[in-house]
Amino acid sequence: MDVAPEQVARLARLCRLELSPEEVREVAAELGRMLGRMDALDRLDTAGVEPMYRVSPEVNVLREDEAAPSWAREELLAAAPAADGGAYLTPQAVE
């Protein structure tokens, strides 16, 4: 599939990208190759293929959510540059 360099130049302008004429030609050629591959995939007969939701067969690879002991608040606050009443004090970010 052919992609016109003018289309790439317009898209680059909209994306605020500065591309040289050589880069525009390279991107146009690469986009053309990518769209050609997508076109080839689009022509495949998938009538008997069951849709997939994921590529790998794993369903849930996460561990169980279990309560576990945590750090003591006093230990964590001891490392803070400034703390007050059980919370970290941070510099003001918004006026």
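Where is the place of Leu19?

1. **Leu19 and its patch.** Leu19 sits in the loop between helix H1 (5-14) and H2. The model is predicted. Leu17, Leu19 and Val27 together make a nonpolar surface patch of about 220 Å². Leu19 has a relative accessible area of 31%, so this residue is partly exposed. Patch members need over 30% relative accessible area, and Leu19 stands at 31%.

2. **Overall fold.** The protein chain has three helices and two strands. Along the sequence they run α-α-α-β-β. The radius of gyration is 27 Å, well over the 12 Å from the globule rule for 95 residues, so the chain is more spread out than a compact globule. Along the principal axes, the C-alpha atoms fill a box of roughly 65 × 45 × 20 Å.

3. **Burial and surface.** Of the 95 residues, 8% count as buried. The accessible surface of the protein chain comes to about 9,300 Å². Carbon and sulfur atoms account for 56% of that surface.

4. The protein chain carries 10 positive and 19 negative side chains. The centres of these two sets lie 8 Å apart. Three salt bridges are present in the structure. They are taken up one by one below.

5. **Glu22 and Arg25.** These side chains form a salt bridge, with N to O at 2.8 Å. Both residues lie in helix H2 (residues 21-42). Glu22 is at 39% relative accessibility, so it counts as partly exposed. Arg25 has a relative accessible area of 47% and is also partly exposed.

6. **Glu30 and Arg33.** Helix H2 holds this pair too, again with a spacing of three residues, about one turn of the helix. At 31% relative accessibility, Glu30 is partly exposed. Arg33 is partly exposed as well, at 44%.

7. **Asp39 and Arg43.** Arg43 reaches 59%, and exposed means over 50%, so Arg43 counts as exposed. The two side chains meet in a salt bridge at 2.7 Å, N to O.

Terms used. Residues are numbered from 1 along each chain as its sequence is written. This is a predicted model: local features need pLDDT of at least 70, side-chain atom pairs count only at pLDDT 80 or more; totals for chains, interfaces and linings use all residues. Side-chain values use heavy atoms; hydrogens and water are left out. A salt bridge is a side-chain nitrogen of Lys or Arg within 4 Å of a carboxyl oxygen of Asp or Glu. Helices (H or I, at least four residues) and strands (E, at least two) are DSSP runs, numbered from the N terminus. Buried means under 20% relative accessible area, exposed over 50%, partly exposed in between (1.4 Å probe, protein chains only). Patches are made of residues with over 30% relative accessible area and no salt bridge: like charges are joined within 9 Å, nonpolar side chains (Val, Leu, Ile, Met, Phe, Trp, Tyr) within 5 Å. Accessible areas come from the Shrake-Rupley method with a 1.4 Å probe; for residues, only the protein chains shown count as cover. The radius of gyration is taken over C-alpha atoms; the globule rule is 2.2 Å times the number of residues to the power 0.38. Lys and Arg count as positive and Asp and Glu as negative; His and the chain ends are not counted. The place of a charge is taken as NZ of Lys, CZ of Arg, CG of Asp or CD of Glu.
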